[in-house]
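Colleague: I am new to this model and would like to go through it with you. Please set each label against its cut-off as we go.

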Amino acid sequence: GAVTVTDAEYNVSELVAIATGTSGAITLSNAGATLSGDASDLKTIFDENITKHTGAVTVTDGEYNVSELLSIANGKTGGTITLSDNTVALSGDATELTTIFAETFAATHNGGVTVTDGEYTLSELKSVNAGTAGTITLSDRTVALSGDATELALALAGSINHNGAVTVTDAEYNVSELVAIATGTSGAITLSNAGATLSGDA
């Protein structure tokens, strides 16, 4: 049956025991308590039918994966997430990674990120790039990207191995944006409007 936790002093160990012991809905009367534990335990808690947690969450181990972070991030907590080790490599499809990086993290992820699918979008790459300072590896490098220069520059920033065609759809691009795009892809770049004025150093 349903379980209601009435106090605000609960911890990860207690919530794991509750989550393991019931298949009913778990209600946190106070959803703002700080939680700290390894990713596996946090996944056990947040995989349950539980009140959305609003307090800070700390992932204490350095062995978390995309599946575990998804359980924590996917609408189950609104608090800031701290990764005690933010250098752990992540591998997953673009939709999963975008969901994770849409959350608020205490510090930018700094490990390598592998995008495993070949159906990523410009918006998803932009989100992944904003969420990590690590090297981004595209398992399928050849996916074509199309969008305005600002979005493309953000999606292809940093260290990324894109090799597909890129189409710049707007006429408001500038030298800085084109440099970011050219650095981020080795594919052909098409300017839908080739007449924009450019100004920059040689």
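Colleague: Which backbone nitrogen does a side-chain oxygen of Asn65 reach at the start of H3?

Modeller: The backbone nitrogen of Ser67, to within 3.1 Å. A polar contact is a pair of N or O atoms within 3.5 Å; within protein, one must be able to donate a hydrogen and the other to accept it, and residues adjacent in sequence count only if both atoms are side-chain atoms. Before going on: this is a predicted model, in which local features need pLDDT of at least 70 and side-chain atom pairs count only at pLDDT 80 or more, while totals for chains, interfaces and linings use all residues. Residues are numbered from 1 along each chain as its sequence is written, and side-chain values use heavy atoms, with hydrogens and water left out.

Colleague: Why is H3 called largely enclosed?

Modeller: Buried means under 20% relative accessible area, exposed over 50%, and partly exposed in between, with a 1.4 Å probe and protein chains only. Seven of the eight residues of H3 are buried, so the rest of the structure largely encloses this helix. Among the buried ones are Val66, Glu68, Leu69 and Ile72.

Colleague: What covers the buried residues of H3?

Modeller: The cover includes helices H2 (39-46) and H4 (94-101), as well as strands E4 (57-59), E5 (81-83) and E6 (90-92). Contact here means heavy atoms within 4.5 Å.

Colleague: What makes Lys43 and Asp47 a salt bridge?

Modeller: The term asks for a side-chain nitrogen of Lys or Arg within 4 Å of a carboxyl oxygen of Asp or Glu. The closest N and O atoms of Asp47 and Lys43 are 3.0 Å apart, so the pair meets the definition. Asp47 has a relative accessible area of 44% and is partly exposed; Lys43, at 23%, is partly exposed.

Colleague: How many salt bridges does the structure hold?

Modeller: Two. Lys126 forms one with Glu151, again with the closest N and O atoms 3.0 Å apart. This pair links distant parts of the chain: Lys126 lies in helix H5 (residues 122-131) and Glu151 in helix H6 (residues 149-155), 25 residues apart. Lys126 counts as partly exposed at 28% relative accessibility, and Glu151 does at 26%.

Colleague: How do you know that strands E10 and E11 pair?

Modeller: Two strands pair if DSSP finds at least two bridges between them. E10 (residues 166-168) and E11 have three bridges, in the parallel sense, so they pass. Thr167 stands opposite Thr190 in E11.

Colleague: Why are E9 and E11 said to stand at the edges?

Modeller: The open sheet runs in the order E9-E10-E11, with parallel pairing. E9 (145-147) and E11 (189-191) each have a single partner strand, so one side of each is left without a neighbour in the sheet.

Colleague: Which other strands form an open sheet of three?

Modeller: E6, E7 and E8, in that order and with parallel pairing. E6 and E8 (136-138) stand at the edges, each with a single partner strand. E7 (residues 113-115) pairs with E8 over three bridges, and Val115 stands opposite Leu138 in E8.

Notes:
Helices (H or I, at least four residues) and strands (E, at least two) are DSSP runs, numbered from the N terminus.
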